[in-house]
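Reader: Could you take me through one part of this model slowly, and then show me a few other spots worth a look?

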Amino acid sequence: MSTENRILLSNCTATAISNAAAALQAGALVAFPTETVYGLGADATNESAVARIYSVKGRPADHPLIVHIGQLSQLDQWAIDIPDYAIALARDYWPGPMTLILKRSEKAKDFITGGQDSVGIRIPANPIALALLHEFTGGIAAPSANRFGAISPTTAHAVNDEIGEFLNPAKDLILDGGPSLVGVESTIIECLEDLPRILRPGAITEEMIEGSTGLKIERSKSQTRASGLLDTHYAPKAKVFLLDPVNPVVACIAGVGFIAAENHLTPDGAIRLASPIDDDDYARCLYEALREGDRKNLTVIYVIPPSGDGVAIAIRDRLQRASREGGSLR
Ligand code: TXA
Ligand code: MG
């Protein structure tokens with residue numbers, strides 16, 4: 001790693017956290033760990049700082065950003081007309097891997113919401129993210145810290161590989177908090193109508209939402225735009241092919257990558273990129289495994305998706321998008 005890159009990476013001492021909070025205050029960008037994936041943060045009230053998030057990510061300007069807050073008492077600064085079921089969800093699953101889409105307050109400007117009348121809010125569970133939020137005190141707008149359309153980073157090094165060259169080493173920071181413990185992005189729940197609706201699956205599952213709210217999930221299609229819902233999001237450079245878990249045999253040319261739970265055998269000639277022991281472990285290691293495939297310059301990665309119905313639903317959702325260009329053998 002070059003010297004310049006080392007300036008960006010900081011371990012998370014109290015000094016590093018207060019420097020990072022000061023950097024946010026001064027309008028700089030701070031990439032920080034969360035339990036889902038790393039975020040690229042800016043002061044959510046600073047339009048020019050938020051504009052830099054878009055240019056660093058190469059993301060279209062009309063895609064809304066999630067505002068991260070440090071405590072529940074800040075929720076009504078950013079959102080109004082909050083339904084009771086959203087409060088129930090917030091009480092049960094925050095801090096945690098869940099984003100609520102709520103009617104926005106005046107504080108949530110168009111440059112955060114992409115001009116929509118709603119705002120995404122999350123209290124992350126990672127202690128470093130919480131320490132940063134508490135020190136900064138305001139809302140931190142943060143998308144995943146990857147280039148638009150690429151895989152979300154789950155380590156500080158992956159952040160540096162994705163966007164390091166677009167950051168300003170004199171101002172911006174990457175906080176290194178180790179690998180993200182969940183590994184896939186938060187569950188996004190739209191809370192704008194009588195029933196909650198899932199816009200993006202994650203570790204907070206349907207059953208958990210129904211259990212917390214006592215309501216059934218709304219299944220009709222939402223009017224809301226969400227970039228994570230684009231067909232080819234979360235794609236590595238290698239082509240991803242999904243295999244049938246029941247009959248995964250594939251004639252494998254030498255040097256392709258292979259990702260599957262540990263009880264599946266690797267086809268001859270394939271490079272094993274990950275062998276997760278269960279679905280949680282699968283979520284935790286998936287993005288790094290896909291990155292490893294790219295680092296090894298593999299052109300094809302075969303994946304056997306998990307078949308469970310907890311976080312496995314989110315894993316299959318991301319894999320389907322990652323495989324959109326490569327195709328599916330299922
Ligand atoms: O786990 C996560 O949610 C991570 C960490 C850093 O918190 N963040 C994340 O942000 O995944 P991002 O921007 O990569 O994905 C957030 C998704 C986008 O698809 C965006 O369109 C959607 O949330 N979103 C944000 N605000 C929204 C809103 N007001 N209405 C609908 N969708 C919204
Ligand atoms: Mg993202």
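Author: Gladly! A helix's expected span is 1.5 Å times one less than its number of residues, and helices (H or I, at least four residues) and strands (E, at least two) are DSSP runs numbered from the N terminus. This is a predicted model, in which local features need pLDDT of at least 70, side-chain atom pairs count only at pLDDT 80 or more, and totals for chains, interfaces and linings use all residues. Residues are numbered from 1 along each chain as its sequence is written, and side-chain values use heavy atoms, leaving out hydrogens and water.

Let's settle on helix H10, residues 279-295. Its 17 residues should span 24 Å at 1.5 Å a residue, and its end C-alpha atoms are 24 Å apart, which agrees. Even so, H10 has a kink of about 40°, centred on Cys285; the bend at a residue is the angle between axes fitted to the seven residues ending there and the seven starting there.

Now for the two ends. Just after H10, Asn297 has a positive phi of about 60°.

Along the helix, the buried residues (under 20% relative accessible area; exposed is over 50% and partly exposed in between, with a 1.4 Å probe and protein chains only) include Asp281, Tyr282, Leu286, Leu290 and Asp294. An α-helix has 3.6 residues a turn, so residues three or four places apart point the same way. Among the elements covering the buried residues of H10 are helix H8 (156-163), strand E12 (239-242), strand E15 (300-303) and helix H11 (312-322).

H11 turns up again in the lining of the largest pocket, where H11, strand E11 (197-200) and helix H9 (206-213) each supply at least two residues. E11 gives the most, with four residues. Of the 23 lining residues, Arg197, Ile198, Leu199, Arg200 and Pro201 lie nearest the pocket's centre.

Ala88, in helix H5 (residues 84-93), counts as partly exposed because its relative accessibility is 23%. The C-alpha atoms of Ala88 and Ser212 are 6.3 Å apart, although 124 residues separate them along the chain. Ser118, in strand E7 (residues 118-122), counts as buried because its relative accessibility is 8%. Leaving aside residues up to four places away in sequence, Ser118 touches Ile101, Leu102, Lys103, Arg104, Thr113 and Leu192, where contact means heavy atoms within 4.5 Å.

Methods
Chains lettered and ligands numbered in written order. 1 Å grid on protein atoms, 1.4 Å probe; cavity = no way out; pocket = protein on both sides within 12 Å on 5 of 7 lines; lining within 4 Å.
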